[in-house]
Amino acid sequence: MTMPTGRPRDPQIDATVLEATLAVLDESGYGRLTIEEVARRAEATKPAIYRRWPTRQHLALAALAARLGESPVPDTDCTLCDLGEGIGVFLAAFRRIRPGVLAALFADCAAVPELRDAFLTTLFDPPRAAVGRMLERAVARGDLRADIDRGLVLDMLSSVVHYRALFGHAPTTDHEVEQAVEALLSGIAVDYPRLVAHSRAGTGAHHAHARGGGGTAGA
């Protein structure tokens, strides 16, 4: 018979600590995040926090993951619409993180393989996987060529969000997201003009995707 190892974790304490962590990150950035300050704001003890998150890196990752949450992945049967809106969903989520926080946190995680992997798995893998599902659906519909290097395409699309979210050197507008999706799909689509026509039919001729109507179909 297995004996209990201790008291079960109180989810209310978890939530309060994560909220306090996000408050510090929003107000002061990652450089000023300390376990002491989080404990003070959450009215918790440092041991209680360390039992849940062994380092401040783990704590920051958990808090940011809670903020990003699980974003809905569009599935409208329109490849241009889905990819543009899907990337926009994740871009909007990263915009809710104070500029500079991701870069400072990554720098603090990069030297430790376990922490570096945790950073990527927690913050970057979920949107990457979601965009990957959109690509798979587009290939299954016959919108994208089956012979494309899906990993490479996925990296190129994901970088629209990841690169600027990490370095924070420039904002990424919805228009730029649409331009990036159109530029890439014009080279890998089976029939790019047909995708544009489909997008127009679903969103109206005034939609920004209409600007790509003269694209050339992929080989």
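**View 1. Ten helices and zero strands make up the protein.** From the N terminus on, the elements run α-α-α-α-α-α-α-α-α-α. Helices here are DSSP runs (H or I, at least four residues), strands are E runs of at least two, and both are numbered from the N terminus. Welcome to a predicted model, in which local features need pLDDT of at least 70, side-chain atom pairs count only at pLDDT 80 or more, and totals for chains, interfaces and linings use all residues. Residues are numbered from 1 along each chain as its sequence is written, and side-chain values use heavy atoms, with hydrogens and water left out.

**View 2. The largest nonpolar core holds 62 residues.** Such a core is a set of buried Ala, Val, Leu, Ile, Met, Phe, Trp, Tyr and Cys residues joined through side-chain atoms within 4.5 Å. Buried means under 20% relative accessible area (1.4 Å probe, protein chains only). Look for Leu64, Leu105, Phe119, Leu123, Leu144 and Leu157, the members that touch the most others. Helix α7 (residues 113–140) gives the core its largest share, eleven residues. Across the protein, 42% of the 219 residues are buried.

**View 3. Leu105 and its neighbours.** Leaving aside residues up to four places away in sequence, Leu105 touches Tyr30, Gln57, Ala60, Leu61, Leu64, Phe119 and Leu123. A contact means heavy atoms within 4.5 Å. Of the protein's contacts between residues at least 6 apart in sequence, 69% join residues at least 24 apart.

**View 4. Residues 34–53 carry the UniProt annotation "DNA-binding region", from an unreviewed entry.** Such annotations may be inferred rather than shown by experiment. This span is 75% helix and 0% strand, and its end C-alpha atoms lie 13 Å apart.

Definitions and conventions. Buried means under 20% relative accessible area, exposed over 50%, partly exposed in between (1.4 Å probe, protein chains only).
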